[in-house]
Amino acid sequence: MTRREIREQIFQILFRIDFYQEAEFLEQLDEYAKEQEASEADAAYMQDKIRAVAEKVTEIDEMINAVTKGWKTGRMGKVDLTLLRLAVYEIKFEEEIPTGVAINEAVELAKKYGTDGSFSFINGILAKLVTAE
């Protein structure tokens, strides 16, 4: 799988995080991993990253809320919020992923899964987050 395909798979399972309790979410993660036709290495990478993002959701949401006005995480669409969480995690906690790549990938996924204005909304929030560092 390409990194983009892996990121898309990660996004799809992270989308479920607000719909399940933690134990149920982890069960969903295990089931999802079994269904994928990914290599062992890719599947392990996806599971590790999903768990890492899930562990930091509260911290990531605080970072997002700190740079938004009138659009706190509780008001955001779930697609946009999930993409922001993934991108913020990559920007703040994964040194091997360049900031520009994390932003670009979030914008591209927003074009595919979000509403018409999702990509610009996500780009704007991530730009504020990066310049606030």
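**A close look at the helix packing**

Author: Happy to! Among contacts in the protein between residues at least 6 apart in sequence, 68% join residues at least 24 apart. Please keep in mind that this is a predicted model.

The protein has 7 helices and 0 strands, and reading along the sequence gives the pattern α-α-α-α-α-α-α. Its C-alpha atoms fill a box of roughly 40 × 30 × 30 Å, taken along the principal axes. For 133 residues, a compact globule would have a radius of gyration near 14 Å, and the protein agrees with that because its own value is 14 Å. Of the 133 residues, 41% are buried.

Now for the packing itself. Two packed helices are described by the angle between their axes and the distance between the axes. With that in mind, start with helix 5 (residues 78–93) and helix 6 (residues 99–113): their axes come within 9 Å and cross at roughly 165 degrees. That angle makes helix 5 roughly antiparallel to helix 6, since angles over 145 degrees count as roughly antiparallel. The crossing of helix 5 past helix 6 is right-handed. Which residues make the contact between helix 5 and helix 6? On the side of helix 5 they are Val79, Leu83, Ala87, Glu90 and Ile91, while helix 6 brings Thr99, Ala102, Ile103, Ala106, Leu109, Ala110 and Tyr113. Sorted by class, the residues of this contact are 10 nonpolar, 1 polar and 1 charged.

Helix 5 has another partner to look at, helix 3 (residues 40–55). The axes of helix 3 and helix 5 come within 10 Å and cross at roughly 100 degrees. Helix 3 and helix 5 are therefore roughly perpendicular to each other. Here Lys49, Ala52 and Val53 in helix 3 meet Arg85, Leu86, Tyr89 and Glu90 in helix 5. The residues of this contact divide into 4 nonpolar, no polar and 3 charged.

Next, turn to helix 4 (57–67) and helix 7 (residues 118–131). Helix 4 and helix 7 pack at an angle of about 95 degrees, with their axes 9 Å apart, and they are therefore roughly perpendicular to each other. Met63, Ile64 and Val67 in helix 4 meet Ile125, Lys128 and Leu129 in helix 7. By class, that contact has 5 nonpolar, no polar and 1 charged residues.

Two single residues round out the picture. Phe25 sits in helix 2 (residues 22–35). Is Phe25 buried or exposed? Phe25 is buried, because its relative accessible area is 3%, and buried means under 20%. Not counting residues up to four places away in sequence, Phe25 touches Ile13, Leu14, Arg16, Ile17, Tyr20, Ile50 and Ala54. The C-alpha atoms of Phe25 and Gly70, 45 residues apart along the chain, are separated by 29 Å.

Gly74 lies in the loop between helix 4 and helix 5. At 73% relative accessibility, Gly74 counts as exposed. The C-alpha atoms of Gly74 and Asp61, which are 13 residues apart along the chain, are separated by 9.3 Å.

Definitions and conventions
Residues numbered from 1 in each chain as written. Predicted model: local features only at pLDDT ≥ 70, side-chain atom pairs only at ≥ 80, totals over all residues. Heavy atoms only, no water. Axes fitted to C-alpha atoms, helices over the stretch in contact; angles between N-to-C directions. Helix = DSSP H or I, 4+ residues; strand = E, 2+ residues; numbered from the N terminus. Parallel < 35°, antiparallel > 145°, perpendicular 65-115°, else oblique. Left-handed = near helix turned anticlockwise from the far one by under 90°. Contact = heavy atoms within 4.5 Å. Nonpolar A, V, L, I, M, F, W, Y, C, P; charged D, E, K, R; others polar. Rg over C-alpha atoms; globule rule 2.2 N^0.38 Å. Buried < 20%, exposed > 50% of the residue type's maximum accessible area, 1.4 Å probe, protein only.
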